[in-house]
Amino acid sequence: MAVSIKSEREIELMREAGKLLAKTHLELEKELHPGMTTKAVDRIGEEIIRSYGCIPSFLNYNGFPASVCVSINDEVVHGIPSDKKRLKEGDIVSLDTGLIYKGYQSDAARTYGIGEISKEAAKLIEVTRQSFFEGIKNAKPGNHLNDIGKAIQKYCESFGYGVVRDLVGHGIGRDMHEDPEIPNFNTGRRGIRLRAGMTFAIEPMINMGRYDVEWTEDDWTVVTADGSLSAHYENTILITADGPEILSL
């Protein structure tokens, strides 16, 4: 497995990509409201990305037909935007999107509540977000890859949540998906030793119920097997000598 160490120039480009992606999410969040179609979310997301002079990473990636994955309630990831699907009061929605700036990628996801949401849903979103930060406490040189996933799993399972096993985070740089794969759970293997200059997309996908998931008929959308809610939180990070730097926040 060849895990690339980024040069100073590459890191600067990825910092800029991350900054623009963080702004994209902030702009998108302001637009969300009950009654909005998921297709409208995607259209606005693509317009924002292109307005920064960037290319949407996801559009036509392995055939994916949109720039933003819009996943509602029990949809874990990769929800395909549609004119027939509308956001409703009380829904939770995960937006996963990425952009390419001067040849370098950034990837990030957030889960939002639409209007008033239940206390349980709000807690799931917050725990999923915090689990990312628990995981990256271990993203420093000399530690091993499995230290990240182990911390995420321990934190989420302490709330009785299920940590998705079938989907994982990944290295990122010139390509959206680079080595290594980054599980959000303890694999029982230490994994690679972390080094400064590595760039990762770390993305806990956490279910309120069991961790099992299923793929729907469109071959993209992943849903919880038990119909429970799911939340997703992701950032692109850089490992530095002093620990993790979050590029997309």
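The lining of the second largest pocket comprises 7 nonpolar, 5 polar and 3 charged residues, where Ala, Val, Leu, Ile, Met, Phe, Trp, Tyr, Cys and Pro count as nonpolar, Asp, Glu, Lys and Arg as charged, and the others, Gly among them, as polar. The model is predicted: local features need pLDDT of at least 70 and side-chain atom pairs count only at pLDDT 80 or more, whereas totals for chains, interfaces and linings use all residues. Residues are numbered from 1 along each chain as its sequence is written, and side-chain values use heavy atoms, with hydrogens and water left out.

A pocket here is an open set of points on a 1 Å grid over the protein atoms alone, where a 1.4 Å probe fits, with protein on both sides within 12 Å along at least five of seven lines; lining residues have an atom within 4 Å of a point. A volume is the space filled by probe spheres set on the points, which are joined across faces, edges and corners.

The second largest pocket has a volume of about 230 Å³. Its lining numbers 15 residues, and E29, R110, Y112, R129 and Y233 are the closest to its centre. Helix α1 supplies the largest share of this lining, 4 residues; helices (H or I, at least four residues) and strands (E, at least two) are DSSP runs, numbered from the N terminus.

The largest pocket holds about 440 Å³ of space. Among its 23 lining residues, Y61, H78, H170, H177 and E203 lie closest to the centre. Strands β7 (169–171) and β8 (178–182) are the elements that give two or more residues to this lining.
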